[in-house]
Amino acid sequence: MTLIECRQLCRTYRRGENVIMPLKELDLDIESGAFLALMGPSGSGKTTLLNLLAGIDRPTSGSLTVDGQDIARLSRGQLASWRSHAVGYIFQLYNLVPVLTAYENVELPLLLHKIPKRERHDRVASSLDLVGIADRHDHFPRQLSGGQEQRVAIARAIVTDPTIILADEPTGDLDKEAATNIMRLLQQLNQELGKTLVMVTHDPKTTEYAQRTLHLEKGQLVEPGILEMESNRNDKPDASPTEATIAQEASS
Ligand SMILES: Nc1ncnc2c1ncn2[C@@H]1O[C@H](COP(=O)(O)OP(=O)(O)OP(=O)(O)O)[C@@H](O)[C@H]1O
Ligand SMILES: [Mg+2]
């Protein structure tokens, strides 16, 4: 079943005389339960697309349907309410509130909802438990490692039990081991809890955890086949001379 449907999605920014168009007539279908990786050069529109999917930003034109509802047409208040239960967002730099403990950071999104304190406590505790950081619940972000901070940020993203999890370079600031652990955790959220996951990444290694990888180039999706052909060409600058040499040897 298609969960997210983008049709002719455009986002334009005006800066004085200049018009920047980070997304150009983008068509994209994302299945419910998918784990999609999104790659592309800096400035190609990846974060812009993620922000539209999150309902943090609105398209300039085109439609963006999630679960049959065109979220581009919702009022500000409706959009905020939709976002607070449907979407969990994970950032490269965690974005935890420094003066709040891990527990309080994870509790924050629940304060937007009318949830009794007891239930709030249970939800926060089970989210912290799920990401394996329950023993650090009373630590402040500065007392945690990068990998641990990202775990808390993931707990915060899932505490409202959203359908969609969006992650913008979630391992971009982590070492290899911490990155692998975070990727396993994201995969678990997708496979075991059935969350639909869209992850922006610059690291091809992390795409191995996704079911599908798409490439953005100047605000449009490009065929990965073309990119692979180009990168193969670039990876092997001496391919032609070698082939020429072999041909020469064969004919002599
Ligand atoms: N609020 C804004 N106002 C004006 N221009 C913006 C705004 N947000 C993004 N842009 C522009 O849109 C383009 C795409 O930006 P975006 O952040 O989506 O790129 P990205 O693919 O996420 O890049 P990176 O890999 O560096 O994070 C850039 O040219 C950027 O300057
Ligand atoms: Mg970005």
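Leu174 lies in the loop between β7 (164-168) and α6 (176-191); helices (H or I, at least four residues) and strands (E, at least two) are DSSP runs, numbered from the N terminus. The model is predicted, so local features need pLDDT of at least 70 and side-chain atom pairs count only at pLDDT 80 or more, while totals for chains, interfaces and linings use all residues. Residues are numbered from 1 along each chain as its sequence is written, and chains are lettered from A and ligands numbered from 1 in the order in which they are written.

**Around Leu174**

- Leu174 is buried because 20 other C-beta atoms lie within 10 Å (buried means 20 or more other C-beta atoms within 10 Å of the residue's own, exposed 12 or fewer, and partly exposed in between, with C-beta atoms placed from the backbone).
- Apart from neighbours within four places in sequence, Leu174 is in contact with Gly146, Gly147, Gln150, Ala179 and Ile182; contact means that the C-beta atoms of two residues, placed from the backbone, lie within 7 Å.
- Gln92 is 82 residues from Leu174 in sequence, and the two are 8.9 Å apart in space, C-alpha to C-alpha.

- Strands β1 (residues 2-15) and β4 (residues 61-66) run antiparallel and are joined by five bridges; two strands pair if DSSP finds at least two bridges between them.
- Ile4 has Val66 in β4 as its bridge partner.
- Val66 also stands opposite Gln69 in β5.
- Strand β5 (residues 69-70) pairs with β4 in the antiparallel sense, over two bridges.
- Two residues lie between the strands in the hairpin of β4 and β5, where Asp67 takes a positive phi near 55°.

**Gln69**

- Gln69, placed in strand β5, is partly exposed because 13 other C-beta atoms lie within 10 Å.
- Leu3 and Gln69 are 66 residues apart in sequence and 9.8 Å apart in space, C-alpha to C-alpha.

**The shell around ligand 1**

- Ligand 1 is surrounded by residues including Tyr13, Arg15, Ile20, Pro22, Lys46, Thr47 and Thr48; a residue is near a molecule or strand if its C-beta atom, placed from the backbone, lies within 6 Å of it.
- Two or more residues of this shell come from each of β1, β2 (18-31) and α1 (46-54).
- The most, three residues, are given by α1.
- By class, the shell has three nonpolar, seven polar and two charged residues; Ala, Val, Leu, Ile, Met, Phe, Trp, Tyr, Cys and Pro count as nonpolar, Asp, Glu, Lys and Arg as charged, and the others, Gly among them, as polar.
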